[in-house]
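Hi,

Here is the structure I promised to pass on. My notes on its salt bridges follow below.

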Amino acid sequence: MPVTRRPAADPLPTASVHRARYRRILSFAAREFIKIWWFELVLPRFGLTSISERTRPARMQRFARRFHSLAVGLGGLMIKVGQFMSSRLDVLPPEITAELEGLQDEVPAVPFAAIRQLAEAELGVPLERAYSWFDEVPLAAASLGQVHRARLSALDTADTGLEDVVVKVQRPGIDEIVAVDLAALRRVAGWLRRVRVVSDRVDAPALVEEFAQTSLEEIDYLHEAANAERFGENFAEDPRVDTPQLVWERITRRVLTLSDVTAIKINDKTALRAAGIDPSEVADVFAEVMFDQVFTHGFVHADPHPGNIFVTPLPDSPTRWRLTFVDFGMMTEVSSNLRDGLRTLLIAVAGRDSRGLVAAARELGVLLPSADTAELERALTALFARFGGMGFAELSKVDPREFRDFADEFGDVVRSLPLQLPENMLLLIRAVSLTSGMCSGLDPAFNVWDAAEPYAGRLLRDESGNLLKSFAQQATTIAAVTWRLPQRIDDVITRIDEGTVTFDTSRLERRLDSLVRIGRRAVAAVLFAGMLVGGALLLAPNPVLGTVLIVASAVPLLYALFSGLGKR
């Protein structure tokens, strides 16, 4: 049915309302800081550290509950702050992250009149002209926007081939609310920077800026549309994955229109079985697709919760079903630096190298400058001593209670260190965590280690190839320089002979002859190493050539070992 006119929307929040919101956030933070100051700084000075330590878990839990109430009461960006905090296992105690883990967008829907007003202002035409039908009842309502079903006009349907669509409309006034919330958070971060017990562990201003960037991108629907288009192009040739079709004529910064791809929610096992789809098969394919995003495309959907992934049955297709992703507001890129850091990390883990793992953490930007790396190395040594000898398959068989007990011991050590995950790493861990949880719900026997093992192996093979390539380049360079060395030395001697130099050069010539012999032996050593390594690598694919190279490597080896012995 066509849309109908409603009374004007409630007026947007005034400046005084925004000031009250700003003061409420700061007053909440100030009260909590006073409590932290009293228990964590004052009581220990009077020898009452035991009281502070004994009451800390309960105090942290009460703080999380109070923040939960504040976030639900204010809505807007504060709910996103709570969700963000629940994922910061690297800097926040488990009492806080566990309490905020279930924080959802518990907000009422915006009156339709306000949605109509904003959508018409953005699209530049009455809603009746933009859509032939628009459902006044939202399909979903969240803290930053809400979604309605609609039907395109006949003209747009002819142009796009689509009819049924969903329209995501930003909550009116959310830009101002986000600005107020970010201003308050920046003020709070400034306070935290002056508290040494906090600043030694976490760069609060950097955390806020990281959160601000993600939030501002999430309320820009043009940015989300571009993400959706890029994601769709990455999987254009993959029959396992589908994305909604964008209706660019009806997309602005605050309004997003795309094809309605609603199907079976990925976690609805009853509906999956009714459609003849095995949930455990869905778990395996979903994990493969998520790891493809990380290691193949380097562009990852960072919010893969059940509401954002559908399973679409395809009765007439050999694949029988496919995964359909929606909501591309939160994405992360796996940069070359991050990929290099992950490669270093995997090699260090494989070699149980605590120092190498610390180096990888620095490369990834996880360690703050004040990090006590000696303490971290000791903690990692304990980790490797307990689980380091196990491969991915073996780790999957460890009793979960053993992991839990170790996590309690090891987690306290790690949280005492100044660790901080950079934004891209945080979103990547969030994506992998949600993937693991989703797949475990679909298949209790699912193990994320098994899903990750092929990709970890690929990284290690890439690293081996890079090392071999680097070795070959260095060997070529050294060989070229060394073989040119005798001629260059001869040129120097010739110039000395033709000049007016009167000092005795016999000693110099002997030294130069010695350098020539050393240079030639060095070349022989490089050739020996290159032939030996090359032969070893070729043994499997080409046994004959590999064996010939290994045997032939003995010639330069003998030259390097015995050349010049008779001239000493």
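**Salt bridges**

Arg-186 is partly exposed, because its relative accessible area is 39%, and buried would need under 20%. Glu-209 is partly exposed as well, with a relative accessible area of 39%. The side chains of these two, Arg-186 and Glu-209, form a salt bridge, 2.7 Å from N to O. This pair links distant parts of the chain: Arg-186 sits in helix H8 (residues 174–193) and Glu-209 in helix H10 (residues 204–218), 23 residues apart.

Keep in mind that this is a predicted model. The count comes to 22 salt bridges.

Take Arg-250 and Asp-156. Their side chains meet in a salt bridge at 3.2 Å, N to O. Arg-250 lies in the loop between strand E5 (241–242) and strand E6 (255–259), and Asp-156 lies in helix H7 (residues 154–160), so the bridge ties together parts that are 94 residues apart in sequence. Both Arg-250 and Asp-156 are buried.

Next, Arg-240 and Asp-292. Here the salt bridge is 2.8 Å, N to O. Arg-240 is in the loop between helix H11 (221–234) and E5, while Asp-292 is in helix H13 (residues 279–297), so this pair ties together parts 52 residues apart in sequence. Arg-240 is partly exposed, at 22% relative accessible area. Asp-292 counts as buried, because its relative accessibility is 14%.

Last, the network. Salt bridges link Glu-122, Asp-175, Arg-253 and Arg-254.

Best wishes

Definitions and conventions
Residues are numbered from 1 along each chain as its sequence is written. This is a predicted model: local features need pLDDT of at least 70, side-chain atom pairs count only at pLDDT 80 or more; totals for chains, interfaces and linings use all residues. Side-chain values use heavy atoms; hydrogens and water are left out. A salt bridge is a side-chain nitrogen of Lys or Arg within 4 Å of a carboxyl oxygen of Asp or Glu. Helices (H or I, at least four residues) and strands (E, at least two) are DSSP runs, numbered from the N terminus. Buried means under 20% relative accessible area, exposed over 50%, partly exposed in between (1.4 Å probe, protein chains only).
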